[in-house]
Amino acid sequence: MKQNILQTPRLSLLLTACATCIGGAFQYGYNISIVNSPSKYVMTFINQTWTERYESAISQELLTLFWSIIVSIFTLGGLVGSWVGGTLAIKYGRKGAMLINNIFALLAAAFVGISYFSRLFELLVVSRLLSGINGGVSLCVQTLYLTEIAPRALRGALATSTSISLTLGIFVAQVVGLQELLGREEWWALLLATTAIPAILQLITLPWCPESPRYLLIDRGDETACDKALKHLHGEAEYPVEKADIEQERLEAEGVKSKNPWELFMDKSLRWQLLSVIILQLFHQLNGINAIYFYASYVFTEAGIPEDKILYVTLGSGLSEFFTAVISGFLVESLGRKVLVIGGYSLMSVWCLGLTLTLSFSEASPWVPYLSMACVFAFILSFGLGPGGVTGTLNSELFTQTVRPAACMIGLSVNWISFFIISIAFPFVVSGLKQYCFLVFLAVCVIVSVYTFFMVPETKNKTFLEIQAEFKSKEKEQKLILVSDMYQSTSF
């Protein structure tokens, strides 16, 4: 029997999600954005400390190299964290892994202070590496935890809280980094050290939340603790329904140990789920959203917005993405995951074509730059409504308990690797293709839309076992088609 899709979450479930997100996706989004505001002040600090040591100014090339390392090392840390996260989640539980993960965030903030007072700018690299590890672990474990504590009818809505908190973290960091707050030169170290605040808040709030009921019953075999957690999250009346789903999955997984990523790659029965996750995570970074933010300032300038006001317009785009993520959270259980992903990528392909045309003919008329500006906002909103909010949800929904941690490790590793590749290759792509780079992103968006339509099942209001069964039936269909083709060719 299907559950009511209009089910309202209990307050305890919402508070648990908030405690999870503040030190997870919010912290990750905050870390991505907070480094942008003080960039010129950090480079001044590097120049000053270099001059104090060697009594000569640092070359511009070397200064740029050091800054690039400080920024890009975050992605390397994220890759490491995504692999560490799955292991921590299995050994210490989802809740335990998230609490341990805050150590990386606190150490990252501490190294900023040590760097500032000791005049060792190299420690900023260590700080950003630790922040990246924190981000990699948090995205991996938070996705697992929210997917496992959510009732079936609210699983997608609760999982989209990851994208909601991520975009909120980006926006809050932009606000805190304004000149009117902590965006001044004398406060740059304090600004970077504020990443400790979300970690402290999670350390205060998360201990009051229960461990994942699925982890307690399926991985630990602790039925008493599982019942207690379910009652806390869903109440006395609803918990038997959720317990029945977990029991069914436990029986299916009886005697099966949690798989590691290599074992997951070797398991042919899971190849379509794994391929789907890899494609969705890969193109999540390669779909053009980075190009949009790169071109945003240029587009706003061409539209006649004063240079000192562009930052506030960019804040508006960040706030728009946040509200779109919130809307996605309301729509995901009514429209479903596939509709939002396909619809989002389809709209993004339209805006890519629109940007290519408007940027190519920007001087044809005074109103063309305004069309470019509209396309920028429309692309960001389309991304937030579909791929931005739903991709992470599918990453954990397509797998059952024993393989979910390994699947998240693989999916997020692909995400971080593609993030690293795009950060290196993107400047060359833009300088070579200029506005025509959006035609490449258009092709990417179309490919993902088509693949999702044909290969990814709708997961709305389905158990994990039902989703797995759909993939198995799809695999049988592929085998039957293959046998039929072989038979026809032999007969011919």
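This is a predicted model: local features need pLDDT of at least 70, side-chain atom pairs count only at pLDDT 80 or more; totals for chains, interfaces and linings use all residues.
1. Start with helix α16 (residues 337-360) and helix α17 (residues 368-385). Their axes come within 8 Å and cross at roughly 160°. Since angles over 145 degrees count as roughly antiparallel, that makes α16 roughly antiparallel to α17. As for handedness, α16 passes α17 in a left-handed crossing.

2. If you want to see what holds the place between those two helices, look at the residues that meet there. On the α16 side they include Leu340, Leu347, Trp351 and Leu355, and on the α17 side they include Leu371, Cys375, Phe379 and Phe383. Sorted by class, the contact of α16 with α17 has 15 nonpolar residues, five polar ones and no charged ones.

3. Now turn to helix α7 (residues 161-176) and helix α15 (residues 310-335). Here too the axes come within 8 Å, and the crossing angle is roughly 160°. α7 and α15 are therefore roughly antiparallel to each other, and their crossing is left-handed.

4. The contact of α7 with α15 divides into nine nonpolar, five polar and one charged residue.

5. In soluble globular proteins, nonpolar side chains tend to be buried together. In this model, the largest nonpolar core has 81 residues, and Leu264, Phe300 and Phe438 touch the most other members. Helix α19 (residues 404-433) gives the largest share of this core, with eleven residues.

6. Setting aside residues up to four places away in sequence, leucine 264 touches Leu270, Leu274, Val403, Ala406, Ala407 and Ile410.

7. Is threonine 452 buried or exposed? Threonine 452 sits in helix α20 (residues 437-455), and because its relative accessibility is 0%, it counts as buried. Leaving out residues up to four places away in sequence, threonine 452 touches Leu280, Lys338, Val341 and Ile342.

8. You'll find histidine 284 in helix α13 (residues 271-285). With 16% relative accessibility, histidine 284 counts as buried, since the cut-off for buried is under 20%. Beyond its neighbours within four places in sequence, histidine 284 is in contact with Ile289, Tyr345, Phe383, Pro387, Gly388, Thr391 and Asn415.

9. Most residues other than glycine have a negative phi. Glutamate 55, though, has a positive phi, near 55°. Glutamate 55 lies in the loop between α3 (39-54) and α4 (60-118), and at 73% relative accessibility it counts as exposed.

10. The other one is arginine 119, where phi is near 65°, again a positive value in a residue other than glycine. Arginine 119 is placed in the loop between α4 and α5 (123-149). Its relative accessibility is 27%, so arginine 119 counts as partly exposed.

Methods: Residues are numbered from 1 along each chain as its sequence is written. Side-chain values use heavy atoms; hydrogens and water are left out. Axes are lines fitted to C-alpha atoms, for helices over the stretch in contact, and angles run from 0 to 180 degrees between N-to-C directions. Helices (H or I, at least four residues) and strands (E, at least two) are DSSP runs, numbered from the N terminus. Angles under 35 degrees count as roughly parallel, over 145 as roughly antiparallel, 65 to 115 as roughly perpendicular and the rest as oblique. A crossing is left-handed if the near helix is turned anticlockwise from the far one by less than a right angle, and right-handed if clockwise. Contact means heavy atoms within 4.5 Å. Ala, Val, Leu, Ile, Met, Phe, Trp, Tyr, Cys and Pro count as nonpolar, Asp, Glu, Lys and Arg as charged, and the others, Gly among them, as polar. A nonpolar core is a set of buried Ala, Val, Leu, Ile, Met, Phe, Trp, Tyr and Cys residues joined through side-chain atoms within 4.5 Å. Buried means under 20% relative accessible area, exposed over 50%, partly exposed in between (1.4 Å probe, protein chains only).
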